[in-house]
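Open the structure and follow along.

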Amino acid sequence: MDDGKEMNVSEAIVLKVEDVMGSHIEDPVTFWGQTIELIEDLLKLSTALTEICPFAAKVFGDPAPEKIYGGLYSEDQCWYRCKLKKMMTNEKCLMTYVDYGNSETLKKSCIVELPEDLQYPGLASRFRLWGLQIPTNQDVTPFDQGRRFLASLINDKIIRVSHRDTAQDGAFLVNAQSDALDVGQEVIEKGFAEKCKAASILNYEGIKSNSAPLISGWNAEGFQGLNCGSQRVKSMLDSTNDQLGNGLKGRVDAVEHKNRHLKMDQENSLLRALERKTTIQCRSGQKLNMIKMQHDQRLLEDQNEKLRAKNNNYLQNCHLLEGQLKQQQLELKKMEEELKQHQEAEFKLADELKHAVEMKLKCLTSKVEKLRQVRSEFNENHFGDDLSEAVKVITEGCLCAVHSMKDLESAWNEYNSAQETLQTCKSVDDVRSLMDKRNEMRSTLYAAAEEFISEVDKLPIEDRVNVLKFFDLNSSASLSSIEVIGGADVLLNQAEHDVCKELEISTAQRDEADMKIIRSAFIKLMKKINEEQDFLLVVQNKYAASIQFKEQVGQWLNTYPSVGDLLSIKRSVKNLKAQLRWKLVEKNNLEDLGSYDEVKMQGMKEEIRRLRDNIYEEICCEQREYERLDNVVRNWFPELPVLHPEAAIKTYMQSAGLFTDSLERDLFDPEPMRELSSKRPLVCSEIKSQRILLKGYSVDTATEAKMIERAAKYHQAWSVLKEESGLLPILYLFACKSEPVTYVMVPFYPGWCLKTLQATNPLISVEVTKVMKGVAVGLQTLHNSNIVHGALHAHNVFAVNREHGIVGDFDFTKTAVKIMDLPPCQHCQYTYIAQTASS
């Protein structure tokens with residue numbers, strides 16, 4: 001083999017040899033691939049398609065068979081060049097990937113136009129194993145097995161092919177080797193192909209310039225310039241092949257033999273000239289290959305040098321890490337030795353302490369037991385000889401009054417009275433005058449709080465509190481274990497001294513008069529201690545309340561809360577709802593027409609979904625603003641709902657933040673859910689990727705107020721524990737503008753209804769325990785708020801993810817029926833569910 005070509009001596013032809021990367025198997029003897037010289041071009045092409053195709057124009061109409069397009073391959077979602085093979089339907093085309101050879105059916109939406117600089121022929125070539133054919137009686141299964149077997153030898157591998165011929169359909173007839181295996185021979189041995197009957201006869205008429213035959217040692221490439229299709233040249237080639245492959249066939253006439261040699265002499269001169277030209281071209285190719293090999297060798301040497309340098313760095317780092325590891329091991333060993341020494345010392349100290357303290361404890365125990373008997377005889381608490389010292393400590397520096405506290409209490413009472421009057425006032429005219437009075441009281445209270453705080457800051461409140469603690473006979477001091485171990489002897493000695501002193505005082509003989517004096521002084525002292533303790537507690541509480549009042553009300557001394565932000569949000573919601581209604585009208589008009597642009601309709605649906613999400617976001621902002629105003633109204637400005645009825649603050653407060661006039665049923669594009677309930681309107685929708693249910697209840701003025709009150713009570717019960725409450729949360733309440741119906745918005749758990757689960761995929765015992773535990777928590781939450789659930793049944797219990805049970809909401813327009821008033825069957829059912837949940 002020389003410069004990519006090899007000599008087949010037996011057949012006297014020059015075979016072009018290439019290294020090919022297999023990319024697609026067509027049948028057991030036919031495959032597609034690219035020469036390795038094109039791999040870099042494929043990479044560049046892939047990068048260009050990735051940048052161009054996502055933004056290129058979609059194909060318009062049917063693809064042209066002569067053009068090359070960009071196609072989105074279904075398996076890896078990457079773009080490749082493709083060409084039309086066949087139109088399957090109006091929207092689907094069978095396309096061939098020209099750079100790899102495989103084909104698939106694509107939708108027109110997955111085909112894009114390519115620029116002119118990418119309109120060049122495909123980089124993949126079609127090859128067929130030379131001299132082989134598929135058996136005529138082979139069925140589908142061996143055919144598929146043959147394709148898979150050939151794929152195992154060729155796909156994604158570099159194989160060496162030797163060109164032998166070119167078939168009429170353009171495929172190159174080649175011999176192929178993969179990992180030193182003859183691919184054709186392997187396919188024959190497996191029975192997936194057989195040799196052609198006329199495989200030994202060379203079809204010189206079909207041979208191209210890349211697979212030129214040798215005739216008597218001369219290159220026959222020169223015949224490409226002649227009329228190879230003429231009968232004369234064909235006869236010459238046939239006779240020559242007979243001489244090379246089969247020998248002379250017989251004697252011929254001398255004249256014809258002479259004429260043939262004359263013609264051969266004329267034509268061989270042309271062959272020799274062409275052979276010289278081919279030799280020069282081969283040498284030029286050899287020189288180019290030599291230059292390329294030298295360049296590759298230099299690149300390889302540079303890469304080896306970089307690897308050697310990196311390896312040296314790794315070795316140096318390894319040596320450094322080994323040194324650090326040895327140093328740390330030495331330090332660890334030293335620390336282990338020190339720890340062992342400390343442990344031994346600790347054990348020795350504990351053993352010594354145990355025996356040293358044992359005798360002292362026995363002695364102390366006997367004295368303590370004697371003291372306990374003495375104390376049982378004197379039930380009253382007393383200080384003994386230290387009573388006079390205690391009286392001195394308590395009476396000196398006693399805090400009995402704070403001068404500014406009386407003014408503070410008076411200001412608090414007047415301010416609270418003004419706030420209560422404002423809260424019950426319904427007239428706007430009266431509110432104005434009451435506001436002025438309240439503001440005056442607030443300023444007075446603010447000044448009184450400042451004065452009280454200033455006075456208390458100067459008093460030794462903390463010191464006196466610590467002296468109460470000292471004389472508290474019910475308190476006990478505690479010591480840490482370290483203090484006990486370190487000063488055991490001192491503590492035992494002190495304890496023994498105290499016990500002995502108390503025994504001495506308790507057993508001393510005193511006359512009745514002395515005992516009365518001591519008892520009277522002790523009672524008065526204890527009374528004074530309790531009085532001062534109560535007073536200090538009141539001062540501390542009023543001080544904390546004054547600090548809080550000063551911090552919170554300070555921002556409202558010169559300003560007044562505004563509802564402008566809330567009204568602005570309401571206007572924004574109103575504007576968004578108007579846009580949404582207009583879009584819904586446009587959508588309905590297009591649907592009524594019957595024929596419309598799908599792209600335009602899809603865009604309109606996306607715009608409607610976006611408007612709904614924006615409305616919901618604005619309503620969430622509205623709720624947050626309501627929460628801020630709710631806190632302001634309850635604590636500082638109860639007149640706001642009367643001054644601004646358009647803000648509907650009162651309704652929000654009465655409904656615990658549930659009721660809103662910004663929502664409407666028509667804005668949801670709801671889907672009826674008759675399978676869940678047939679007694680009332682029940683629809684499903686989606687907002688911000690959250691599935692919700694809208695439950696409609698017919699109401700009048702009285703029942704609507706009662707419903708809001710009950711829903712608010714239920715919502716407040718849920719708000720204590722929220723997700724851990726075991727209750728289904730209520731998102732919003734809103735009224736229908738066109739009919740007397742109030743809607744409750746709750747989350748939707750499709751498929752988690754207990755009735756549905758038990759009918760389709762019943763819960764196992766472990767899951768039942770988890771779910772019923774959640775139900776029990778939900779019932780307990782309602783019980784703590786004095787709420788009776790009026791609809792506890794399998795339709796209204798949800799087993800979320802089969803492990804978290806929650807109790808659903810109920811009809812807030814109806815009054816719950818007592819269990820004793822239920823029919824026996826319902827009474828038993830209710831009792832069974834309650835008992836199961838409790839257990």
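## A buried leucine in a loop

L658 is buried, because its relative accessible area of 1% falls under the 20% cut-off. In this predicted model, L658 sits in the loop between α16 (649-654) and β17. Leaving aside residues up to four places away in sequence, L658 touches A711, A712, H715, I730, L731, Y732 and L733.

L658 and L733 are 75 residues apart along the chain, and their C-alpha atoms are separated by 5.4 Å. In turn, L733 has V744 in β21 as its bridge partner, which takes us to the sheet.

## Two helix pairs

Two packed helices are described by the angle between their axes and the distance between the axes. For helix α13 (residues 564-593) and helix α14 (residues 598-635), the axes come within 9 Å and cross at roughly 160 degrees. That makes α13 roughly antiparallel to α14. The crossing in which α13 passes α14 is left-handed. Sorted by class, their contact has 16 nonpolar, 3 polar and 13 charged residues.

Another pair is formed by helix α7 (residues 405-424) and helix α8 (residues 428-458), whose axes come within 8 Å and cross at roughly 155 degrees. The helices α7 and α8 are therefore roughly antiparallel to each other, and their crossing is left-handed. On the α7 side, the contact includes L408, A411, W412, Y415 and L422; on the α8 side, residues including L434, M435, M441, L445 and F452 take part. By class, the contact of α7 with α8 has 15 nonpolar, 3 polar and 4 charged residues.

## An enclosed strand

Why is strand β9 (residues 125-129) described as largely enclosed by the rest of the structure? The reason is that 4 of the 5 residues of β9 are buried. Strand β3 (residues 30-35) runs antiparallel to β9 and is joined to it by 4 bridges, with W32 opposite R126. Strand β12 (residues 172-178) is parallel to β9, and 3 bridges join these two strands. Here L129 stands opposite V174.

H24 is buried, because its relative accessible area of 19% lies under the 20% cut-off. Residues up to four places away in sequence aside, H24 touches F31, W32, Y100, G101, N102, R147 and N155.

## Another open sheet

The order β7-β6-β5-β4-β8 describes an open sheet of 5 strands with antiparallel pairing. Its edge strands, β7 (103-107) and β8 (111-113), each pair on one side only. On average, neighbouring strands of this sheet are turned by 50 degrees against each other, direction ignored.

Within this sheet, strand β5 (residues 79-87) and strand β6 (residues 92-97) run antiparallel and are joined by 5 bridges. If you want a pair to look at, K86 has L94 in β6 as its bridge partner.

## The chain as a whole

Stepping back, the chain has 20 helices and 23 strands. Of its 839 residues, 35% are buried. How much of the contact total comes from residues 24 or more positions apart? Among contacts with a separation of 6 or more, such residues account for 71%.

Terms used. Residues numbered from 1 in each chain as written. Predicted model: local features only at pLDDT ≥ 70, side-chain atom pairs only at ≥ 80, totals over all residues. Heavy atoms only, no water. Pairing = 2+ DSSP bridges. Axes fitted to C-alpha atoms, helices over the stretch in contact; angles between N-to-C directions. Buried < 20%, exposed > 50% of the residue type's maximum accessible area, 1.4 Å probe, protein only. Contact = heavy atoms within 4.5 Å. Parallel < 35°, antiparallel > 145°, perpendicular 65-115°, else oblique. Left-handed = near helix turned anticlockwise from the far one by under 90°. Nonpolar A, V, L, I, M, F, W, Y, C, P; charged D, E, K, R; others polar.
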